[in-house]
Amino acid sequence: MTQPCVILNSIRDLEVIKMAENNMEKIVSLCKRRGFVFPSSEIYGGFAAVYDLGPYGVELSNNIKAAWWKAMVQTRDDVVGLDSAIFMHPKIWEASGHVGGFADPLTECKKCHSRHRVDHMLEEAGVFADEKMTEDEINKLFDANIEKVICPLCKGKDFTKAQKFNLLVQSNLGNLTEDWSKNPTYLRGETCQGIYVNFRNVMDSTRVKIPFGIAQIGKAFRNEITARQFIFRTREFEQMEMQYFVSPDIEMEEYEKWREARMQYYIDLGLKKENLKWHKHENLVFYAKEAYDIEYNFPFGFKELEGVHARGNYDLTQHSKFSGNSLEYVDPQTNEKYIPHIVETSAGVGRTFLAVMTEAYTEEESENETRVVLKLPVKLAPVKVAVFPLLKNKPELVEKARGIYDELKQQFMCEFDDNGNIGKRYRRQDEIGTPWCVTVDFDTMDDETVTVRDRDTLKQDRVRVIDLKNYFSEKLS
Ligand code: ATP
């Protein structure tokens, strides 16, 4: 983990940082122990900066994507969905500027030979820098502040000059010659290019009219230089992006609406207001009108969760130029012709996952032991209901519990568990964030009621078996 990006004011600050680092370790360990996230290719020694989702991780990730889709597509009249392919014509990446300019400044520590992003190291040292600076600009800043910069791994202070390193991942798809590196195809570095190049198709095949948006969720790939913050920065990751096409005169008005909507989205998702903040980009790319990031207070400090950017008409202008096909829009009312401007919202699934886990991870003292509980919002919880027979060796209880489980699983993600004692089963479900546990006991056999235990309040309700589906549906609605 890199040094937390916080200016130390006191011993108390140091304690807060230690606690946060500790929390990060606990979250990483829980993710592995309970089947949320596994390091990729672990039995082969791992594969840097790539992670796999385990049985509960894939559920949480799917629920995060479903919540985003609902907010961005299902409940909006002005946004439609898309799923474009990962591979695209290589010229798209020239038009977008990725082949020429999608590069981060890299340096190597001369002592331990680890590689780092210079802009990140400068920021850790309290010096403003970003990846959009030219090689000359970043080297001047690096030289001027070299005394303040230390290697995050070995604490060395001797570095090579900063060099721009292109992040696009190359492939030989469709190239059957030996030397494919001269004409590579690319694994997409972001999902939004697939949206831009389908703008005309969507316009022609649906009834959308400007202003409207196209949303998509999909994998992206980047050869990140430093990727040491668990799933925060990985080389293969998923993005949830929406591009909103507008006329130039309302771009900034729509931009403000989207800023408000996206911040509210995270609050509705269960992230605390005080853990979210805006970060304004100081160093804008030449075509951008305005750019803000939503930052979340991760265990290693406030970092980008989502970008909300007013991009002008750069993207469609570039694709018109490079493809030779005009992406001009003719307003059906006024007959005015223009290249649509774009407001973009771009979030990472992995970063949302980590933010949600950070927010949910809770330790509570109870009866001389620490209860670890993931207080996930119920709509995101991987398993909604766990069903237990009180005792494993009573066939009538097991059979009854199985019947209830078989019924409930038709509607909710459920788990059946008869291992160990009830206390152990509760602890396991608490750690994966299951909101409700249903226990079948001897009274069930007489009165057709079960105990439903609430994860957060620990309150136990007696509920009729026949009412269970409605009981959970109401709580989930
Ligand atoms: P950073 O400055 O942290 O590298 P970025 O500004 O390059 O991020 P964008 O290109 O704006 O990120 O991508 C949009 C979103 O995609 C980010 O807000 C983030 O949630 C996610 N994202 C970008 N790069 C990664 C990555 N390497 N791993 C995981 N998520 C990522």
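How many residues surround the ligand, and which are the closest? The ligand is surrounded by 16 residues, and the closest are Phe 237, Gly 307, Ser 346, Gly 348 and Arg 351. A residue counts as near a molecule if its C-beta atom, placed from the backbone, lies within 6 Å of it. Strand S10 (236-246), strand S13 (301-310), strand S16 (341-348) and helix H11 (349-360) are the elements that give two or more residues to this shell. Helices (H or I, at least four residues) and strands (E, at least two) are DSSP runs, numbered from the N terminus. S13 gives the largest share of the shell, four residues. Sorted by class, the shell has seven charged, six polar and three nonpolar residues. Here Ala, Val, Leu, Ile, Met, Phe, Trp, Tyr, Cys and Pro count as nonpolar, Asp, Glu, Lys and Arg as charged, and the others, Gly among them, as polar.

The model is predicted: local features need pLDDT of at least 70, side-chain atom pairs count only at pLDDT 80 or more, and totals for chains, interfaces and linings use all residues. Residues are numbered from 1 along each chain as its sequence is written.

Now to the chain as a whole. The chain has 15 helices and 23 strands. Its radius of gyration, taken over C-alpha atoms, is 26 Å, close to the 23 Å that the globule rule (2.2 Å times the number of residues to the power 0.38) gives for 477 residues, so the chain is as compact as a globular protein of that length. The C-alpha trace spans about 75 × 65 × 50 Å along its principal axes. The domain assignment, which is automatic or from a database, gives domain 1 (11-88 + 189-357) and domain 2 (383-476). The centres of domain 1 and domain 2, taken over C-alpha atoms, are separated by 37 Å.

S13 also belongs to a set of paired strands. Two strands pair if DSSP finds at least two bridges between them. S12 (residues 290-298) and S13 run antiparallel and are joined by nine bridges. They form a hairpin with two residues between them. Asp 293 has Gly 307 in S13 as its bridge partner, and Gly 307 is among the residues closest to the ligand. S12 also pairs with strand S11 (residues 276-280), in the antiparallel sense, over five bridges. Across that pairing, Lys 280 stands opposite Tyr 292 in S12.

Apart from neighbours within four places in sequence, Thr 345 is in contact (C-beta atoms, placed from the backbone, within 7 Å) with Met 242, Trp 258, Arg 262, Glu 306 and Val 308.

Some backbone details remain. Most residues other than glycine have a negative phi, and most peptide bonds are trans. Ser 41 is not a glycine, but has a positive phi of about 50°. Ala 49, also not a glycine, has a positive phi of about 65°. Ser 41 lies in the loop between strand S1 (37-39) and strand S2 (51-53), and Ala 49 is found in the loop between S1 and S2. Ser 41 counts as exposed, with 12 C-beta neighbours inside 10 Å, whereas Ala 49 counts as buried, with 22. Ile 210 and Pro 211 are joined by a cis peptide bond, with omega about 5°.

Conventions
Contact = placed C-beta atoms within 7 Å. Buried ≥ 20, exposed ≤ 12 C-beta atoms within 10 Å, placed from the backbone.
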